[in-house]
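Here is a brisk report on one protein model.

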Amino acid sequence: MSIDLRHPLDEELSAMDKELSDFVAELAAQTEVAIELDPFWYYEPIHFDKACVEAVRNATAKLGYSHMDIIAGAGHDACYVSDFAPTGMIFTPCLDGISHNEIESTTQEECEAGCSVLLNAMLTMAEQVSEDSTMLASDLA
C-alpha cells in the first residue's frame with residue numbers, strides 16, 4: 001500500500017509524517033504485526049508564482065468556471081520549471097476524481113475549458129510582461 005501526504009507547509013508535512021510513523025509504530029506494537037514504512041520519496045512543497053496563480057484564478061472567474069486551489073505535489077513538470085520561471089498549474093476535472101490512470105476521463109468540453117483558462121491566463125501574464133518592459137524602457141530613457 002502507499003500513502004501520499006500533502007500540505008503546502010513543510011513543517012506541517014513533517015508533523016503529518018511523524019504522526020503517521022508514531023501511529024504505525026503503536027499499531028504494530030498493539031497487533032504484534034511487523035509493519036515497515038519505506039519513505040522512498042519526499043518532495044518539498046512547491047509554491048507557484050503568485051501572479052501566475054492569480055492569473056489562472058481570474059481567468060477562471062472571467063470565463064464563469066468554478067475553481068479551487070489544490071495541493072498537487074505529484075512531481076509535475078511545472079514543479080521543476082518553477083525553479084527557473086514563473087509557473088502555475090491548471091487542472092481539469094476527471095470523472096469520479098480518477099486521474100493519472102488509464103480509466104481517467106475528461107470530456108472535450110472540460111478540456112476546452114482548461115485550454116481557455118490557460119490562454120486567458122497566458123494573455124494576462126503577457127500583458128504584465130509587456131507593461132513591465134515598457135516601464136523599464138521608459139526608466140532607462
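Cys111 is partly exposed, because its relative accessibility is 37%. This is a predicted model. The search of the whole structure for disulfides returns zero. A disulfide is a covalent bond between the sulfur atoms of two cysteines. Cys111 takes part in none, and its nearest cysteine sulfur, that of Cys115, is 6.8 Å away. The cut-off for a disulfide is 2.5 Å between sulfur atoms. Cys94 is buried, because its relative accessibility is 18% and the limit for buried is under 20%.

**Helix α1**

Helix α1 runs over residues 10–31. It has 22 residues. From first C-alpha to last it reaches 31 Å, close to the 32 Å expected at 1.5 Å a residue. Which residues of α1 are buried? They are Leu13, Leu20, Val24 and Ala28. These four lie on the same side of α1, because they cover an arc of only 65 degrees around the axis. The face turned away from that buried side carries exposed residues: Glu11, Lys18, Glu19, Ala29 and Gln30. Just after α1 comes Glu32, with a positive phi of about 55 degrees.

**Salt bridges**

Side chains of opposite charge can pair when their charged atoms come close. How many salt bridges does a search of the whole structure find? The search finds four.

| Residue | Partner | Closest N and O atoms |
|---|---|---|
| Arg6 | Asp4 | 2.7 Å |
| Asp22 | Lys18 | 2.8 Å |
| Asp69 | Arg57 | 2.6 Å |

Take the Asp69 and Arg57 pair, at 2.6 Å. This pair links distant parts of the chain: Arg57 belongs to helix α2, Asp69 to the loop between α2 and α3 (77–81), and they are twelve residues apart. Asp69 is exposed, because its relative accessible area is 51% and the limit for exposed is over 50%. Arg57 is partly exposed, with a relative accessible area of 28%. Arg57 and Asp69 also belong to a network of salt bridges that includes Glu54.

The Asp22 and Lys18 pair sits within α1. The two residues are four apart in that helix, so about one helical turn separates them. Asp22 is partly exposed, at 41% relative accessible area. Lys18 is one of the exposed residues on the face of α1 turned away from its buried side.

Arg6 is partly exposed, because its relative accessible area is 33%.

Helix α2 covers residues 50–62, and Val53 lies in it. Val53 counts as partly exposed, because its relative accessibility is 22% and the limit for buried is under 20%. Its C-alpha atom is separated by 19 Å from that of Glu110, which is 57 residues away along the chain.

Thr60 also lies in helix α2. Is Thr60 buried or exposed? Thr60 is buried, because its relative accessible area is 6%. Its side chain reaches the backbone oxygen of Val56 at 2.8 Å. Leaving aside neighbours within four places in sequence, Thr60 contacts Tyr65, Ser66, His67 and Val117.

**Helix α4: Asn120**

Where is Asn120 placed? Asn120 is in helix α4, residues 108–140. At 16% relative accessibility, Asn120 is buried, because the limit is under 20%. A polar atom of the Asn120 side chain lies 2.8 Å from the backbone oxygen of Ser116. Which residues does Asn120 touch, not counting those up to four places away in sequence? They are Ala59, Lys62 and Leu63.

Definitions and conventions:
Residues are numbered from 1 along each chain as its sequence is written. This is a predicted model: local features need pLDDT of at least 70, side-chain atom pairs count only at pLDDT 80 or more; totals for chains, interfaces and linings use all residues. Side-chain values use heavy atoms; hydrogens and water are left out. Buried means under 20% relative accessible area, exposed over 50%, partly exposed in between (1.4 Å probe, protein chains only). A salt bridge is a side-chain nitrogen of Lys or Arg within 4 Å of a carboxyl oxygen of Asp or Glu. A polar contact is a pair of N or O atoms within 3.5 Å; within protein, one must be able to donate a hydrogen and the other to accept it, and residues adjacent in sequence count only if both atoms are side-chain atoms. Contact means heavy atoms within 4.5 Å. The expected span of a helix is 1.5 Å times one less than its number of residues. The arc is that of the directions from the helix axis to the C-beta atoms.
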